[in-house]
Amino acid sequence: MCRSIKTLFNFEPPATDEEVDAAALQYVRKLSGSTKPSKANEEAFDKAVAAVAEATRELLAALVTTAPPKDREEEAEKARARAAERFGTA
């Protein structure tokens, strides 16, 4: 479930709200053990996703680094190469 949570800090362009929300959703899914909550748990699940997303935004805004920003396309290519090596795909 959490394989889709990616590093969001120090990229150019910066992480989008959609990326932050997707990471928060995956995190809450992992913790709850559920990809879709029951009706009884839906409100708590949605509140948790919103809280994690807000905490993530605060964290990303507060972090500092002296390293140059990473290029999204370059990092995506590296990830594809690792996947090809790991899974034997082209």
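Select N10 to begin: in this predicted model, N10 has a relative accessible area of 16%, and because buried means under 20%, N10 counts as buried. Its backbone also deserves a look, as the phi of N10 is near 65°, a positive value in a residue other than glycine, and N10 sits in the segment before strand 1.

Next, step to the peptide bond from E12 to P13, which is cis, with omega near 0°; P13 itself belongs to the loop between strand 1 (11–12) and helix 1.

Just after helix 1 you will find G33, whose phi is positive at about 75°.

Within helix 1, colour V20, A23, A24, Q26 and V28, which are its buried residues, and then show helix 2 (42–62), against which these buried residues pack.

With both helices displayed, how do helix 1 and helix 2 pack? Their axes lie 8 Å apart and form an angle of about 130°, which makes helix 1 oblique to helix 2, and the crossing of the two is right-handed. To see the contact, select D17, V20, D21, A24, L25, Y27, V28, R29 and S32 on helix 1, together with F45, A48, V49, V52, A53, T56, R57 and L60 on helix 2. Coloured by class, the residues of this contact divide into eleven nonpolar, two polar and four charged.

How values were computed: Residues numbered from 1 in each chain as written. Predicted model: local features only at pLDDT ≥ 70, side-chain atom pairs only at ≥ 80, totals over all residues. Heavy atoms only, no water. Buried < 20%, exposed > 50% of the residue type's maximum accessible area, 1.4 Å probe, protein only. Helix = DSSP H or I, 4+ residues; strand = E, 2+ residues; numbered from the N terminus. Contact = heavy atoms within 4.5 Å. Axes fitted to C-alpha atoms, helices over the stretch in contact; angles between N-to-C directions. Parallel < 35°, antiparallel > 145°, perpendicular 65-115°, else oblique. Left-handed = near helix turned anticlockwise from the far one by under 90°. Nonpolar A, V, L, I, M, F, W, Y, C, P; charged D, E, K, R; others polar.
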